[in-house]
Amino acid sequence: MNLASAPVIIVGQILKHAYVGHPHPSRWYPDEPIQLCRITVRVENVLRGDVNAAVVAIYYLTSIRRGSLARMGMTGRGGQWQIGNRSVFFLVRDSGVLRTVYDTWAASTPAVLTGAHPDYKPQPGESISDSIIDILLDRGEGCDDAQWAHAILASTVKASNFDLAYTVRKLRQITATYVPEASTAAKGELDDLSYSWPKIHQGWPEQ
């Protein structure tokens, strides 16, 4: 499943984490132990789907065998999450509960490092991918200059995976801001993207 096609997409802040039951063999790889987990999330933005609760439980499965890629889960337990972290969650309803459309890998729940966006509303005609990029790259509440620059450096590749053209436009907008740290970070990311897509240096995409 393409992440942006998930039936439920929210931005939320992690409040609690718990293991559910005991590890069990993977259905696909019997020698790989899998653990069911649950996080409690404060809902900040609903980008798609019928989610009316302020706080929801989200279930996911993760491998407890060590691997080279970052996994979903808390820091120190194979994952990178900490209580209070904010992410975009791509979800489906399964047996009456919300669960992630992909399990195990942290890359399928991109971190939001730009702060909270309580008043966010998509522009007319914006796609879900555009909204996700807005959340990942636009400055939110409680995000200082240095944090915004860090968010741009850490999130541009993730954003470009949803829509490269919109990400490039967004970075160009940021380069025109009065915040030197963010402007420099955005210019650097545009240069990096241009190595793979030289047409960016030639003015693609047009506004």
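Predicted model: local features only at pLDDT ≥ 70, side-chain atom pairs only at ≥ 80, totals over all residues.
I started with helix α1, which lies across β1, β2 and β6 and runs at about 95 degrees to β2. For "lies across" I used contact, meaning heavy atoms within 4.5 Å. Axes here are lines fitted to C-alpha atoms, for helices over the stretch in contact, and angles run from 0 to 180 degrees between N-to-C directions. Helices (H or I, at least four residues) and strands (E, at least two) are DSSP runs, numbered from the N terminus.

Residues are numbered from 1 along each chain as its sequence is written, and side-chain values use heavy atoms, with hydrogens and water left out.

**The barrel**

Next I looked up the sheet. Five strands close into a barrel, in the order β1-β2-β3-β7-β6, and the pairing is mixed. Neighbouring strands of this sheet are turned by 45 degrees against each other on average, direction ignored. I count two strands as paired if DSSP finds at least two bridges between them. As a reminder, strands of a sheet pair through backbone hydrogen bonds, either parallel or antiparallel.

I then went through some of the pairs.

- β1 (residues 8-25) and β2 (residues 33-48) run antiparallel and are joined by 13 bridges. I found Ala18 opposite Arg38 of β2.
- β1 also runs antiparallel to β6 (residues 86-94), with six bridges between them. Here Ile10 has Phe89 in β6 as its bridge partner.
- β6 and β7 pair in the antiparallel sense too, over four bridges. Leu91 stands opposite Thr100 in β7.

Two packed helices are described by the angle between their axes and the distance between the axes, so I noted both for each pair.

How do α2 and α3 pack? Helix α2 (residues 145-162) meets helix α3 (residues 164-175) at an angle of about 160 degrees, with the axes 8 Å apart. The two are therefore roughly antiparallel to each other; the cut-offs are under 35 degrees for roughly parallel, over 145 for roughly antiparallel, 65 to 115 for roughly perpendicular, and oblique for the rest. Their crossing is left-handed, meaning that the near helix is turned anticlockwise from the far one by less than a right angle, with clockwise giving right-handed. From α2 the contact takes Trp148, Ile152, Thr156, Ala159, Ser160 and Phe162, and from α3 it takes Leu164, Thr167, Leu171 and Ile174. Sorted by class, that is seven nonpolar, three polar and no charged residues. My classes: Ala, Val, Leu, Ile, Met, Phe, Trp, Tyr, Cys and Pro are nonpolar, Asp, Glu, Lys and Arg are charged, and the others, Gly among them, are polar.

α2 and α4 (residues 180-196) pack at about 20 degrees, with axes 8 Å apart. That makes α2 roughly parallel to α4. This crossing is right-handed. On the α2 side I listed Asp145, Trp148, Ala149, Ile152, Leu153, Thr156 and Ser160, and on the α4 side Glu181, Ala182, Ala185, Ala186, Glu189 and Leu193. The contact of α2 with α4 divides into eight nonpolar, two polar and three charged residues.

For α3 and α4 I have an angle of about 145 degrees and axes 8 Å apart. The crossing of α3 and α4 is left-handed. Leu164, Val168, Leu171, Arg172, Ile174 and Thr175 of α3 meet Ala182, Ser183, Ala186, Lys187, Glu189, Leu190 and Leu193 of α4. By class, I get eight nonpolar, two polar and three charged residues for α3 with α4.

Thr104 sits in the loop between β7 (97-100) and α1 (128-137). Its phi is positive, about 75 degrees, although Thr104 is not a glycine. Is Thr104 buried or exposed? Thr104 is buried, at 11% relative accessible area; buried means under 20%, exposed over 50%, and partly exposed in between (1.4 Å probe, protein chains only). Leaving out residues up to four places away in sequence, Thr104 touches Leu61, Thr62, Ser63, Ala70, Arg71 and Met72.

Ser95, in the loop between β6 and β7, also has a positive phi, near 55 degrees, and is a residue other than glycine. Ser95 counts as exposed at 75% relative accessibility.

Last entry: the peptide bond from Trp204 to Pro205 is cis, with omega near -15 degrees. I placed Pro205 in the segment after α4.
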